[in-house]
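Let's take a friendly walk through one protein model. Have a look at the picture first, and then we will go through a few of its parts together.

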Amino acid sequence: MSAPRYICIHGHFYQPPRENPWLEEVERQDSAHPYHDWNERITAECYAANAHARILDDKNCIVRIVNNYERISFNFGPTLLSWLERQAPDVYDSILVADKKSQEIFSGHGSALAQVYNHMIMPLANLRDKKTQIIWGMNDFRHRFGRQPEGVWLPEAAVDLGTLEILAEQGINFTILAPHQIKRVRTQGDPAWQDVAAETVDGTVPYRVNLPSGKAISVFVYDGPLSRAVAFERLLSTGEGFARRLLGALRIPANAAQLVHIATDGESYGHHHQFGEMALADALDRIATGTLARLTNYGEYLERHPPTREAEIVENTAWSCSHGVGRWRDDCGCNVGSHPGWNQAWRGPLRAALDWLRHLAAPRFEESASALLRDPWGARDGYIQVILDRSEASRARFLAEHATRTLSQDERTRALKLLEMQRHLQLMYTSCGWFFDDPSGIETIAILQYAARAVQLARDVWNVDWEPEFRERLSRAQSNVAEAGDVGRIYQTKVRSAVVDLATVCAHAAVESLLSPPSERDATWCYSVQRVDHRDLQIGTMRVALGHAAVSSVITEDVASFDYGATLDEQGALRAGVREAATETEYEEFRGEVERARSRADSSGAIAALERHLNGLSHTLASLRPDERDFAAGRILAATLPESAVTDNALSDQTQELLRLLADTGSSSADKPTDIASIALEVRLGRFLADPDPDWQRVGALLKGADSAGVHLDRPAIAYRIQPADVRALRRRLGPEPGEVPNLQVAIALIAQIQALPIAINIRGMQDLFYDLLQTVYPVVSEHADRGDAAARTWVDQCAILGAKLSVRVG
């Protein structure tokens, strides 16, 4: 009888933290067009696609839709899961459900692995940061998956003994390494070691790594050639070929249990390789229904077949660098390869500048926090509980556990600022900041933003200004892009412009109050705006908002009060100003002057009063954050654009001037057209799609008319905007009684209208909705049809028609 044979596919699903550190939200990223940002784009192409992967028949009709995560091993970066929880909760839930399902499939072992928190390269981290990163990653995992992780994925598989020691200390059973990270092996009990090379190490068995402390941890060594074929050699072209290669790596017959396993970026399955998630689903299906091997995950395999061999690792190595860990500190030659002739000499000075900042902050943090927190570094390790739950109750529980005593409000804010400083000093080491070819990219700018936030918090807490020297140190790193200059200049031009303070939050809230009705307390990003007084005035053709508000940070509990004013004129020009809150008498004088100008219908007098009291109205449409600028532009245009407008000739001079203003201020992304007619088309389309039940014939007429008039159609962006509306419309057509024949008939008519649009529409969402109906309603109605129920038979027949339109096999 042949020994058992297993196959395991591991996907490392990860995105760097992309949130603006002053807003705690991901802002629009133009390079991800037509999507809002890269998280959203990759979610659509990969994370959601793998949660709803298609298995097709020979006619390219959907036979089944499966959750790939149930049958693979996987890890998701904690910061990505945090984003998914907020922005794509259905995908997030599918991941958690898959881990529970995998426990049923794989003998009680969940397939999800934990990950070091924000993808820091562990061999380059100091001991404190190593520990915090692992503790944060494990606590995040327990919070989400409700169990202790068995294994941990190391960022870029970068490893050293210090990291393995902490993993073992924290109760982790295993991690995954590349073949070239193994130095030598031996059978347990055999004193003789055998040196191995990447091509000779046996990855079909796990290894025990004995650590200097006396502890031990298991390592799995993935199949290098097979993993490279998935990532770089188009192995995902077909599921059949993928399964054949995996099964072909098995030794048949074999006298001992063996595991063929691969590890790649999870984004290979759908993002890097279109339809890769379908190849994965098909391959998993072929392996699961075959007899050559069974699918497993690492936890199950380790329980059934514990290591009988030992290994020593090659320290300070990673899976994506052939020079140890040089890719994250040196001009080692490893790069993306898309810019021949560029160098990465900037990596060293960048890391040195961040190290300087971290080392400068550490002793001050320890000294300052000791007066507030019993164990400053232990409190930092425990701060993950606050990061996971930003509620006031969560902060109170944390401080009750870690504070030296009951803290005053000022002391609470100081303690939270110190801990937030440490959080950002962690985030600034996210590996993607060094991975790509040049520091002018969005990934390096992101880690510089986290560093800038730490510098700002240091200024708040200690009244020190580290920024000039920090920028000087950054200036030693030179970009390959001439106009970008050095990293100090990138910091000044790309990072400083992202900084937001409480006054800026108040200005944004003032502008928003002109565009949508304000409430007494509004949430703006990660801030609360409490309006003590607010007046909304109409002065001639100009709207004015003014008031007094307290702005507080949900993160640090920092609070300040401001007087504010904002104007919106008939040309669509927005202006706003704020000042630190004056005395009650001074505020009443300010408000009275503006209200007296209103009584005279004197808009110029009102503006003069606002400018005098607020020291100018310096906040304009152009100075808003990108998403808020888009929101404001949409609201202004919705109120002013003629219903029939499609071409320049149909627009008034006033509206054309407004559209030019919006184009000039960047309210359209870099890849969107900025000609007036195209923006007008976008606004009118938005009006139609905002309807709970869009008139698809009008949508089609609008698009066809614009196309005939020579208006540029941004087809990917239009398809992107239509997709949620078509799913909403189909759900509405099916109604609460999808088993009724009339509901299916109107659904068929809807699909015909949508498919008649002069745009290729992504119908995945409608397919998912219909497939769910087939799994829930269809079996019941079909049974009635088989018993001779004529209405049920008609419904089943209509279902087949709808399935044909959506390329989903019925029956």
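This is a predicted model: local features need pLDDT of at least 70, side-chain atom pairs count only at pLDDT 80 or more; totals for chains, interfaces and linings use all residues.

In it, six strands form an open sheet in the order β15-β16-β17-β18-β19-β20, and their pairing is antiparallel. At the edges stand β15 (521–524) and β20 (619–620); each has a single partner strand, so one side of each is left without a neighbour in the sheet.

Strand β16 (residues 527–539) and strand β17 (residues 542–553) run antiparallel and are joined by 12 bridges.

Which strands does helix α19 lie across? Helix α19 (residues 502–515) lies across β15, β16, β17, β18 (559–568), β19 (574–580) and β20, and runs at about 40 degrees to β18. Helix α20 (residues 584–599) also packs on the sheet, where it touches β16, β17, β18 and β19. The direction of α20 makes about 30 degrees with that of β16.

## Two helices side by side

To describe two packed helices, we use the angle between their axes and the distance between the axes. For helix α26 (residues 715–734) and helix α28 (residues 764–776), the angle is about 25 degrees and the axes are 8 Å apart. Angles under 35 degrees count as roughly parallel, which means α26 is roughly parallel to α28. Their crossing is right-handed.

Who makes the contact? From α26 come Q723, D726, V727, L730, R731 and L734, and from α28 come R764, G765, M766, L769 and L773. Sorted by class, this contact has six nonpolar, two polar and three charged residues.

Note on methods. Residues are numbered from 1 along each chain as its sequence is written. Side-chain values use heavy atoms; hydrogens and water are left out. Axes are lines fitted to C-alpha atoms, for helices over the stretch in contact, and angles run from 0 to 180 degrees between N-to-C directions. Helices (H or I, at least four residues) and strands (E, at least two) are DSSP runs, numbered from the N terminus. Angles under 35 degrees count as roughly parallel, over 145 as roughly antiparallel, 65 to 115 as roughly perpendicular and the rest as oblique. A crossing is left-handed if the near helix is turned anticlockwise from the far one by less than a right angle, and right-handed if clockwise. Contact means heavy atoms within 4.5 Å. Ala, Val, Leu, Ile, Met, Phe, Trp, Tyr, Cys and Pro count as nonpolar, Asp, Glu, Lys and Arg as charged, and the others, Gly among them, as polar. Two strands pair if DSSP finds at least two bridges between them.
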